[in-house]
Amino acid sequence: MIKHLLSGGDLDADTATEILDTAAEMATVAGREIKKLPALRGRTVVNLFYEDSTRTRISFEAAAKRLSADVINFSAKGSSVTKGESLKDTALTLQAMGADAVVVRHPASGAPHRLANWVDGSVVNAGDGTHEHPTQALLDAYTMRARLGRLAGLSVAVVGDVLHSRVARSNVLLLSTLGAKVTLVGPPTLIPVDIAGALAPGTDVSYDLDSVLPNVDVVMMLRVQRERMNDSYFPSAREYARRYGLDGPRMRRLPEHAIVMHPGPMNRGMEITPEVADSPRSTIVEQVTNGVSVRMAVLYLLLGGNNR
Amino acid sequence: MTAYLITSVSVVGAAPTDLLIRDGVVAEVGTGLSAPDATVIDGTGLVALPGLVDLHTHLREPGREDAETVESGSRAAAMGGYTAVCAMANTSPVADTAGVVEQVWRLGREASLVDVQPIGAVTIGLAGERLAELGAMADSAARVRIFSDDGHCVADPLLMRRALEYVKAFDGIIAQHAEEPRLTEGAQMHEGEVSTRLGLIGWPAVAEEAIIARDVLLAEHVGSRLHVCHVSTAGSVEVLRQAKARGVRVTAEVTPHHLLLTDERAESYDPVFKVNPPLRTATDVAALRSALADGVIDVIATDHAPHAVEDKECEWAYARPGMLGLETALSIALDVLGPEWDLIAERMSRTPARIAGLTGHGVDPAPGAPANLTLIDPAARRTIEPAELASRSRNTPYARMTLPGRIVATFLRGEPTVLDGKAVK
């Protein structure tokens with residue numbers, strides 16, 4: 001098993017599949033009356049969050065607690081971080097406290113890579129800047145596999161602000177490793193340069209959502225911040241929604257079996273309409289549930305829970 | 001004053017000869033010289049070059065003496081074979097008045113390890129809004145001739161035009177940091193495959209090329225001298241090539257790091273590789289190397305940029321851009337160009353001295369020439385250890401790399417500043 005999980009690219013197909021299979025076992029725990037395993041008893045997991053992200057933090061917290069780990073939540077608000085302590089000094093502090101794993105969310109791309117140089121424990125990237133969010137990609141892959149029965153050969157459209165999306169980067173890397181085909185869809189201003197060369201050679205790019213929808217098994221809508229229009233990435237929220245939002249008529253262009261995903265939090269009415277978000281095709285709530293199982297699997301495997 | 005007899009040394013790659021240094025000048029050149037009073041240096045296997053001249057050095061004093069001082073930077077320069085450096089204006093306070101440039105000049109004289117020639121800011125506080133008192137800096141004891149807002153682009157085209165015109169009165173030159181600010185907001189590294197993969201905001205090549213294209217047209221229009229700092233892209237080379245072919249009075253520099261390193265170094269997220277302009281692609285590196293050989297790029301300048309540890313041991317986005325360069329530049333030139341001694345002398349000494357108007361520098365060792373020179377052992381190879389550098393900072397991108405060439409000695413007006421590879425003072 002790998003020591004850190006910093007990027008979707010850290011995982012080969014066997015390792016990724018092992019995580020997904022382990023997550024499926026973990027999911028059975030959630031159905032029990034006592035939702036707890038002793039696997040990480042006595043181990044310490046630190047949630048180090050430099051950005052507000054309630055949903056990701058509580059997902060990791062629930063995962064660690066269900067494995068009986070001791071969980072320390074370290075958030076940037078009301079901590080020494082606001083007094084100007086450097087990431088390195090914080091890392092040395094966590095090191096001195098004996099953290100076995102550090103789950104880090106940070107607004108700067110690459111911060112988890114830096115952290116991994118400074119602590120002995122495992123580092124899990126819980127989202128870094130506009131770079132990656134590998135456990136989100138794992139839970140997305142888990143959800144696709146659960147709904148559609150496989151990953152190899154699937155056609156997945158990832159739609160929206162790819163440029164600023166850590167979810168998109170991790171998904172492209174992981175899905176390509178697992179044999180799915182990814183098409184990135186969005187206005188040209190929000191598709192980063194040389195994306196196929198940068199991430200995975202088979203990745204396609206389209207600027208036309210309507211032409212892509214009839215041929216996909218999965219459509220994953222990304223959150224788009226309205227403020228992007230102030231930087232001229234697109235003229236207005238209305239025009240964005242018209243060209244790249246997923247509404248009822250567009251959803252009906254999808255094949256019968258296709259599913260609709262969203263990493264949350266959603267901008268209802270912007271990239272997705274309530275009709276779509278609340279439809280039976282939508283996996284948005286399942287994604288949250290699966291997130292806990294997948295993060296249990298990641299912590300369990302990274303911390304060597306299977307070797308004890 | 002001690003006399004020095006350097007025996008059997010190759011002057012700029014020529015057949016071995018002896019050099020006698022006395023009273024601050026090269027007194028004699030020829031085989032079989034004898035001078036009983038002189039200290040003898042065995043120059044067998046060594047190459048003598050006119051002392052190197054750096055058009056682009058950040059000495060950080062006044063303001064960031066924790067990162068570098070005029071003295072520590074001067075020592076680093078001497079260790080790198082330099083006898084003159086041009087100190088950039090982005091200090092704190094900014095070198096935008098006669099008072100500050102005279103302070104830097106005086107600190108350089110006191111250290112007396114290299115000649116420190118201050119560069120003056122183009123605009124007050126580097127803010128890009130109003131011209132600094134360029135004439136007062138030119139008339140000061142520091143005799144400023146190069147003006148630059150380096151670190152910031154003089155982005156306003158009208159202000160750039162006025163600056164280019166105004167300095168004609170005292171044969172000044174504007175050294176432009178070519179970076180269109182709107183195209184590089186928040187930029188962290190070269191915009192391309194690697195920035196996409198790393199999720200770092202891209203610094204597109206066009207942001208440099210667009211400013212250089214504009215500025216060569218402005219310089220042509222007003223008949224002024226323009227110098228382009230740290231050219232980093234293949235497209236910039238083409239713009240410069242065309243401008244020079246038309247006779248525009250433009251010169252250009254390239255840094256050692258842009259001749260050697262590429263944007264793939266950012267994969268580590270180690271900000272020691274963060275620099276502005278950023279490391280580019282292998283295609284750019286190849287274009288810069290050939291432009292340096294064919295003269296479209298006139299000069300290798302270090303952009304020596306010391307930074308305190310806490311400004312580099314952090315997240316990439318929060319780190320300051322810049323890397324050390326003075327103590328490794330000659331080795332990288334040797335690595336990139338090979339033992340082309342005349343070309344190295346041209347790009348690292350004669351031409352930068354001419355651009356900066358430093359008449360005592362950039363002169364090949366010959367009878368009567370000022371004894372500003374450096375001795376290099378081209379056969380030596382050394383592994384760069386950050387802790388061993390003379391600079392007060394440690395942010396070298398070449399840590400643990402093995403590079404060719406070693407500076408054996410450096411002389412400033414006949415006085416050794418480096419002997420046997422060690423700083424004399």
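**Note on the predicted model: core, chain contact and a helix pair**

1. Beyond its neighbours within four places in sequence, V158(A) has contacts with A168(A), N171(A), V182(A), L184(A), V185(A), M220(A) and L222(A). The model is a predicted one.

2. V158(A) also belongs to the largest nonpolar core, which holds 237 residues. The members that touch the most other members are V158(A) together with V102(A), V219(A), L299(A) and F147(B). Helix α12 of chain A, residues 284–302, gives the most to this core, contributing nine residues.

3. The contact between chains A and B draws 22 residues from chain A and 17 residues from chain B. On the side of chain A that touches chain B, the elements giving two or more residues are α3 (87–96), α4 (111–118), α6 (166–177) and α7 (195–198) of chain A. By residue class, this side of chain A comprises eight nonpolar, eight polar and six charged residues.

4. Within chain B, helix α1 (residues 70–79) and helix α2 (residues 98–111) have axes that come within 9 Å and cross at roughly 55°. The pair is therefore oblique, α1(B) relative to α2(B). The crossing of α1(B) past α2(B) is right-handed.

5. As to the residues that form this helix contact, α1(B) supplies V70(B), E71(B) and S74(B), while α2(B) supplies V104(B), L107(B), G108(B) and A111(B). Four of the residues in the contact of α1(B) with α2(B) are nonpolar, two are polar and one is charged.

Notes:
Residues numbered from 1 in each chain as written. Chains lettered and ligands numbered in written order. Predicted model: local features only at pLDDT ≥ 70, side-chain atom pairs only at ≥ 80, totals over all residues. Axes fitted to C-alpha atoms, helices over the stretch in contact; angles between N-to-C directions. Helix = DSSP H or I, 4+ residues; strand = E, 2+ residues; numbered from the N terminus. Parallel < 35°, antiparallel > 145°, perpendicular 65-115°, else oblique. Left-handed = near helix turned anticlockwise from the far one by under 90°. Contact = placed C-beta atoms within 7 Å. Nonpolar A, V, L, I, M, F, W, Y, C, P; charged D, E, K, R; others polar. Core = buried A, V, L, I, M, F, W, Y, C linked by C-beta atoms within 7 Å. Buried ≥ 20, exposed ≤ 12 C-beta atoms within 10 Å, placed from the backbone.
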